Amino acid sequence: MEIRQLEFFVEVAKHRSFTRAAEELLVAQPAISKSIKKLEEELGLLLFNRAERKVSLTAEGEAFLKHAELILEQMTRAKAEMEEMRGLKKGEVRVGLPSMVGSYYFPGLIIDFKKQYPDLQITVYEQGTVKIRQMITQGEIDMGVVLEDMSADELEVLPFLKEEMVACVPASHPFARRLSVTYEELAHEPLVLFKEGYFQREIIARAGRMSGSPLNVTFETNQIPLIKSLVAKQLGITLFLRMVIADDPHLVPVSLDPPVFLNLGIAWNKNAYLSKANQAFLSFLMSRIKA
């Protein structure tokens, strides 16, 4: 059994087509068919049902697919680790960041990290903390920012930031002269919010439940500059981490009553291989936290 045979098998299983697999792998179709037939003979099992142009996995093929994918994944990890042992000249950090943290905490950190490791690639995925946790556990990203109290058994979480979530209003709004605003009061205001899936929406939903009134969401967008502009123009009010409007002369932060503080951490799957590139990013982040 050869690795190339497993690659052919997995690709045919993925596309349910010898032709599509050949196109994706840039290999002649007869070569793939011959390789799969040889694999079946070696195993003494039929892996595919071939009926006219339709191709489907047999029960034995379904069972073998799990093993083949695991073997190929382990080979990929082994190659990556061997490459990294030659030095941090290659590698990618795939990190999930919520909008506010990604826009107002990480840019300077990422710039400094790239100066230290210019050959490493950083890919940022902007999502809410719930989605980020899901993406980590499913292996879609290497690490990401989550709420500490949302951590799961399979996640390792390194705390790095505690920040207050505040109501944000234009200077002309009556709340601007207040030290705090209740959830009930918040629920009766026109709101400009992120789309579903962000912690901001959980706080607003809590306000709606406490007031017993339907929420008045006037606009939804994940664009922070647009939200700030609409709030400044008195279309409604919003919730942001305090850092987001720290230097904004047009908006005023007002604490919630009771106040809300988010404890944020960088999380990764403790059961998955963490590449040298990701280890370098974690070490860099920890050094900045301690500084």
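Helix H4 (residues 59-85) gives the most to the lining of the largest pocket, with eight residues. The structure is a predicted model, in which local features need pLDDT of at least 70, side-chain atom pairs count only at pLDDT 80 or more, and totals for chains, interfaces and linings use all residues. Residues are numbered from 1 along each chain as its sequence is written, and side-chain values use heavy atoms, with hydrogens and water left out. Helices (H or I, at least four residues) and strands (E, at least two) are DSSP runs, numbered from the N terminus.

The largest pocket has a volume of about 670 Å³. Of its 24 lining residues, Arg-77, Arg-94, Asp-142, Tyr-273 and Ser-275 are the closest to the centre. H4, strand S3 (92-97) and helix H11 (276-290) each supply at least two residues of this lining. By class, the lining of the largest pocket holds nine charged, eight nonpolar and seven polar residues. Here Ala, Val, Leu, Ile, Met, Phe, Trp, Tyr, Cys and Pro count as nonpolar, Asp, Glu, Lys and Arg as charged, and the others, Gly among them, as polar.

Rolling a probe the size of a water molecule over the atoms shows where empty space is left. On a 1 Å grid over the protein atoms alone, a pocket is an open set of points with protein on both sides within 12 Å along at least five of seven lines, whereas a cavity is a set of points where a 1.4 Å probe fits but cannot get out; lining residues have an atom within 4 Å of a point. Grid points are joined across faces, edges and corners, and a volume is the space filled by probe spheres set on the points.

By this rule there is one cavity of 30 Å³ or more. The largest cavity holds about 130 Å³ of space. Its lining consists of 15 residues, with Pro-98, Met-100, Thr-129, Phe-199 and Leu-262 nearest the centre. Helix H5 (99-104), helix H9 (199-211) and strand S11 (251-269) are the elements that give two or more residues to the lining of the largest cavity, and H5 has the largest share, three residues. This lining divides into eleven nonpolar, four polar and no charged residues.

Strand S11 also contains Trp-268. Trp-268 counts as buried because its relative accessibility is 16%; buried means under 20% relative accessible area, exposed over 50%, and partly exposed in between (1.4 Å probe, protein chains only). Trp-268 and Ile-136 are 132 residues apart in sequence, yet 6.4 Å apart in space, C-alpha to C-alpha. Pro-258 is likewise found in strand S11, and a cis peptide bond with omega of about 5° joins Asp-257 to Pro-258.

Side chains of opposite charge can pair when their charged atoms come close. A salt bridge is a side-chain nitrogen of Lys or Arg within 4 Å of a carboxyl oxygen of Asp or Glu, and a search of the whole structure finds ten. Arg-201 forms one with Glu-196, the closest N and O atoms being 2.9 Å apart. Arg-201 also meets Glu-220 in a salt bridge (2.7 Å, N to O). The latter pair links distant parts of the chain, with Arg-201 in helix H9 and Glu-220 in strand S9 (residues 216-220), 19 residues apart. Arg-201 is buried, with a relative accessible area of 11%, whereas Glu-196 is exposed at 60% and Glu-220 is partly exposed at 38%.

Elsewhere, Glu-185 and Arg-178 meet in a salt bridge (2.8 Å, N to O). Glu-185 is partly exposed, with a relative accessible area of 28%, and Arg-178 is partly exposed at 33%.

Two loop residues other than glycine have positive phi values. Arg-16, with phi near 55°, lies in the loop between helix H1 (3-15) and helix H2 (18-25) and is partly exposed at 36% relative accessibility. Gln-234, with phi near 70°, is found in the loop between helix H10 (224-232) and strand S10 (238-241) and is exposed, with a relative accessible area of 55%.
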